[in-house]
Amino acid sequence: MNSFRRPVVGAVVSIAVIVGLSACSEPAEPATSGSSDDTGGTLTVYTSEPQAKIDALNAEFTAANPGIDVQVYRAGTGDLNARIASERETGTIGADVLLAADAPTFEGYKDENLLLQYTPADASALNPNVVDPDGYYVGTRIIPTVIAYNTQAVTQPPTSWQDLADPKYKSQITLPNPDVSGAAAFNTAVWLGEDALGEPWLEALAANEPVVAESNGPVGQSVAAGTQPIGIVVDYLVRELAEKGSPIALEYPTDGVPYISQPAGIFQDAANQDAAKKYVDFLVSKRGQEIAVQQQYLPVRGDVGTPIGAPALADLKLLNPDLAEISASQPDAVKRFNELVG
């Protein structure tokens, strides 16, 4: 459910009046970390993070930065993008920081000169694959998509994407809607871009008549309940459900693991850029990444370990496609998915 934790709308409107935002404004000079210690005021964050997780993260951030009041608007990435587009039409984007699913979303905003160039503190400690080489956004978590299965219903789980095209899995698979889930949209473009998968694989998957759920959460719940014994879903949800006692386990596909990095970026016309910089710094700091690990995410830095039961990144065959190509192909990929599966 979309919700403001605090009454942000009024604040956003006021910000719009004060700063007179323009979606077509010129890029600012590149900024660097190290904003002043007396930073305060209101910081507005748009995010696709689960509510409990963003609440826990913000509690730690505000404890370290007591002068900053963080207001949150939470929704799926598709809904966030729709909100931002609507706000641009009326003259202002309400967010200072966007923390959402996939890099292609940020590539688009970067191309439209909406993001501030900013190098977060301690950037050299981060996985280089999640740092935008142009300095407009940075990944904050590694979120692979995996094959989940109900351990009471499946004794020999599929271990690869190719396996899911086997007719023996007909009517047993569920996956999230790429029109809603940024991760699902990203994955669709990656699958179609892989020579070993591509459209023939997607057609075969569609022939197995998978159930399209609204987002990753319902996919995980369906597999845990056994309603659909096999799911395509982000890995941390499986760990969370297993930790609570659900009969669910996962396989990292042997033919390659797509992942999103939950990037964070600062809007160029953010009303509180100093607070936004501190927030991005915190997300990728050692403490911020320790919180990510506690919340079952794989981290973007190597000095904080991994969640219990999760593999090291070095042990995974991660797919690292060209993000510019994914950004360009994603709309057509989602359209093709809907034609075949939706």
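The second largest pocket of this predicted model has a volume of about 330 Å³. Of the 20 residues that line this second largest pocket, the closest to its centre are Ala 103, Asn 129, Tyr 137, Pro 321 and Leu 323. The model is predicted, so to speak of local features a pLDDT of at least 70 is needed, side-chain atom pairs count only at pLDDT 80 or more, and totals for chains, interfaces and linings use all residues. Residues are numbered from 1 along each chain as its sequence is written, and side-chain values use heavy atoms, with hydrogens and water left out.

**Pockets**

- Grid points are joined across faces, edges and corners, and a volume is the space filled by probe spheres set on the points.
- Helix 4 (103-111), strand 13 (259-260) and helix 12 (323-340) are the elements that give two or more residues to the lining of the second largest pocket; helices (H or I, at least four residues) and strands (E, at least two) are DSSP runs, numbered from the N terminus.
- The lining of the second largest pocket has 13 nonpolar, three polar and four charged residues, where Ala, Val, Leu, Ile, Met, Phe, Trp, Tyr, Cys and Pro count as nonpolar, Asp, Glu, Lys and Arg as charged, and the others, Gly among them, as polar.
- The largest pocket holds about 500 Å³ of space, and of its 26 lining residues Ser 48, Arg 74, Gly 76, Ser 215 and Asn 216 are the closest to its centre.
- Helix 3 (77-90), helix 6 (182-193), helix 8 (216-225) and helix 9 (235-243) are the elements that give two or more residues to the lining of the largest pocket.
- Twelve nonpolar, ten polar and four charged residues make up the lining of the largest pocket.

**Cavities**

- The whole structure contains three cavities of 30 Å³ or more.
- In the largest cavity there is about 50 Å³ of space, and its lining has nine nonpolar, one polar and no charged residues.
- Residues lining the largest cavity include Leu 116, Tyr 118, Tyr 137 and Val 280, while strand 14 supplies the largest share, three residues.

**Strand 14 and its partners**

- Pro 263 and Gly 265 point one way from strand 14 (residues 263-266), Ala 264 and Ile 266 point the other way, and all are buried; buried means under 20% relative accessible area, exposed over 50%, and partly exposed in between (1.4 Å probe, protein chains only).
- Strand 5 (residues 97-99) runs antiparallel to strand 14 and is joined to it by three bridges, with Ile 266 as the bridge partner of Val 97.
- Strand 7 (residues 138-139) also pairs with strand 14 in the antiparallel sense, over two bridges, and Pro 263 is the bridge partner of Gly 139; two strands pair if DSSP finds at least two bridges between them.

**Helix 11**

- Gly 288, Gln 289, Ile 291, Ala 292 and Val 293 are buried in helix 11 (residues 286-294).
- These buried residues pack against helix 2 (51-64) and helix 10 (273-284).
- Gln 296 follows helix 11 and has a positive phi, near 80°.

**Positive phi in loops**

- Most residues other than glycine have a negative phi.
- Asn 113 has a positive phi of about 60° although it is not a glycine; Asn 113 sits in the loop between helix 4 and strand 6 (118-119) and is partly exposed at 32% relative accessibility.
- Asp 122, likewise not a glycine, has a positive phi of about 65°; Asp 122 lies in the loop between strand 6 and strand 7 and is partly exposed at 41% relative accessibility.

**The chain as a whole**

- The protein chain has twelve helices and 14 strands, and buried residues make up 54% of its 342 residues.
- Of the contacts (heavy atoms within 4.5 Å) with a separation of 6 or more, 80% join residues 24 or more positions apart.

Technical notes
On a 1 Å grid over the protein atoms alone, a cavity is a set of points where a 1.4 Å probe fits but cannot get out, and a pocket is an open set with protein on both sides within 12 Å along at least five of seven lines; lining residues have an atom within 4 Å of a point.
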